[in-house]
Amino acid sequence: MTEITDSIEVPEPDATQDDKDTERKPRRGGKRGKKGPLGRLALFYRQIIAELRKVVWPNRNDLTTYTTVVIVFVVVVIGFVAVVDWGFGKLISAVFG
């Protein structure tokens, strides 16, 4: 039977001390295991290119629509900020003027 401790670890039924030590050691493997810094950098760039190939790029019509929407939104926000600034200017000059 297992003894009761304050530990939150749950003991494995057939785990020995050697099994516990091998479980804690990190093992490096796969593509990153045996490459140096330049190999890892090359892998990183290959992964970037692979991800960019998955991107759905907008066509010219979509790009024109998105650009128009952004420009109109920016003009509206500029107008709003200008009106608020003008209003605060008039309010300040009326109060302190």
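Mentor: Gladly! Helices (H or I, at least four residues) and strands (E, at least two) are DSSP runs, numbered from the N terminus. This is a predicted model, in which local features need pLDDT of at least 70, side-chain atom pairs count only at pLDDT 80 or more, and totals for chains, interfaces and linings use all residues. Residues are numbered from 1 along each chain as its sequence is written, and side-chain values use heavy atoms, with hydrogens and water left out.

Trainee: What makes up residues 63-84, helix or strand?

Mentor: That stretch is 100% helix and 0% strand, with its end C-alpha atoms 32 Å apart. UniProt, in an unreviewed entry, lists residues 63-84 as "transmembrane region"; its positions follow the numbering used here, feature names are shortened, and annotations may be inferred rather than shown by experiment. Across the chain there are three helices and zero strands.

Trainee: Where in the chain is confidence lowest, and where is it highest?

Mentor: The score is pLDDT, the predictor's confidence in each residue, from 0 to 100. Helix α1 (residues 17-24) is lowest with a mean of 57, while helix α3 (residues 60-96) is highest at 97. Where pLDDT is low, the predicted coordinates should not be read in detail. The chain averages 83, and 65% of the residues score at least 70.

Trainee: Why is the contact of E51 and K54 called a salt bridge?

Mentor: The term asks for a side-chain nitrogen of Lys or Arg within 4 Å of a carboxyl oxygen of Asp or Glu. Here the N to O distance is 3.1 Å, and E51 and K54 do form a salt bridge. A search of the whole structure finds one. The two residues are three apart in helix α2 (residues 37-54), so about one helical turn separates them.

Trainee: What makes K54 count as exposed?

Mentor: Exposed means over 50% relative accessible area, buried under 20%, and partly exposed in between (1.4 Å probe, protein chains only). K54 has 59%, so it counts as exposed, whereas E51, at 47%, is partly exposed. Buried residues make up 1% of the 97 in the chain.
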